[in-house]
Structure formats: C-alpha cells, structure tokens
Amino acid sequence: MLEPSRREAVEFLMRAPEYGDAKALEQAFAQVLEGLSVNAFSCSRQDSRNPGGPPVIMAEHGTDAWDRYMADQGYFAINPCVRWTAMGRGAFTWREVQAENRRLGEVSTKERALWADAAGNQMRDGLVVRTMAPSGQLLSTRMMTPEARIRPTDRALLESLAIVFSTLRHRFNEREIDTPLNATLTRREAECLRWAAQGLHDYGIAKRLGI
C-alpha cells in the first residue's frame, strides 16, 4: 500500500482538474506538498517569445519574504539555478546544481552565502520543474524543503505534481485575464486600453503584461 502522503498526492493528480478556482487548487497543492516535506513553493510563467523578460508569479506559498531578501542581497544575479533554467533544464534540484558547480570549481563566496542563507530559512534543498503551457509559455515551479535533500523516492511524484499544478494554475490565470468585464471587452483588453491611455505603445504594453 502507498504511504498516506503519497496516496494523497496521487489523489490530487486525479482530482486536480475538478478544482473550480485557483485558491482551492493552491490550498490542495500546498497540503499535498507538506505531506512530502515541502514547506514552500512558487509557480511562474515566462513568455517563450520574451525569454529575457521577468517571470510573472502566478502562485506562491512561503516564498515571498525569501524572494524579497534574495533581491535585496543581489542573489538573483548570481543564483546558478537561474542559469540552469535559462539553459532549458526540465527539472533539477539545488543539490545537483551545487554538485556541478563544485565539480567545475565555479562556487563563489556569494553563492556559498546564498545556500547558507537558504538553509537558515528552512530551505535546504529545492526542486525546480519546468514545462510548457499549450499557449507556448514556459511554466516553472519551485518547491523547497527543510530536509537535507529532496527525497529521491519522491522526485518523480513531485515532478508530476508540479507539471499538473502549473498547467492548471496557468489555465486559471488565462481565464482571469480573458474573463469579460462586459459584452465588449475582456479584462486583458481593458488593461491594454488603460496603458494606452497613459501613452504606452504596443512594445511598452507588452512589457508591462509580461508577453
């Protein structure tokens, strides 16, 4: 028989499409991850046509304060996980990144400080999973654990959970953007008009919208 935590994860995978809103989906995802010793996660999307632009956070649980601290410390600029993501790695753990950097002799003092601070914030290892939405946008899910490492026995299950969650969360995000405010305009169209009224042209509006 499956352990209770793994059984709950499998049930989430089966039931996930039935959740009627983003909040219910996120709460269920967070509960399942907690059973697998994952205490924080975030999910973002990146337009494949603008890979250098900033990602748009669609969901976060326990990562907001850490991300602000990372920005304040300048860690995003030296975080090797950002580079691995840009290289197109589909899924990887922080431990794998650290091991590869040690092998190459590329571990800087600031990177050591990054990992030490993460561990001090109950994020000793993490798993990053990337997938592509049907619309062509790249979706990325980060999952962090206070344990010494992501358990190898949970790795495949966590990857499946991340792919299902990020795909469905993106679907909710698209619905929110394109839900009609009235018979004429969608929310995205109304937002574009607001930016245009402030003098922005197509390129500037696209940057604001992350597309």
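A residue counts as buried under 20% relative accessible area, as exposed over 50%, and as partly exposed in between (1.4 Å probe, protein chains only). By this rule, 39% of the 211 residues of the protein are buried. The model is predicted: local features need pLDDT of at least 70, side-chain atom pairs count only at pLDDT 80 or more, and totals for chains, interfaces and linings use all residues. Residues are numbered from 1 along each chain as its sequence is written, and side-chain values use heavy atoms, without hydrogens and water.

**Fold**
- The protein has nine helices and five strands, taken as DSSP runs (helices H or I, at least four residues; strands E, at least two) numbered from the N terminus.
- Along the sequence the pattern reads α-α-β-β-α-α-β-α-α-β-β-α-α-α.

**Largest pocket**
- A pocket is an open set of points on a 1 Å grid over the protein atoms alone, where a 1.4 Å probe fits, with protein on both sides within 12 Å along at least five of seven lines; lining residues have an atom within 4 Å of a point.
- The lining of the largest pocket has 27 residues, and Ser-44, Pro-55, Val-82, Thr-85 and Ser-140 lie nearest the centre.
- Two or more lining residues come from each of β1 (40–46), α3 (64–73), α4 (80–86), α6 (109–120), β4 (125–132) and β5 (138–145).
- The volume of this pocket is about 730 Å³, counted as the space filled by probe spheres set on the points, which are joined across faces, edges and corners.

**Helix α1**
- Val-10 lies in helix α1 (residues 4–15).
- Val-10 has a relative accessible area of 31%, so it is partly exposed.
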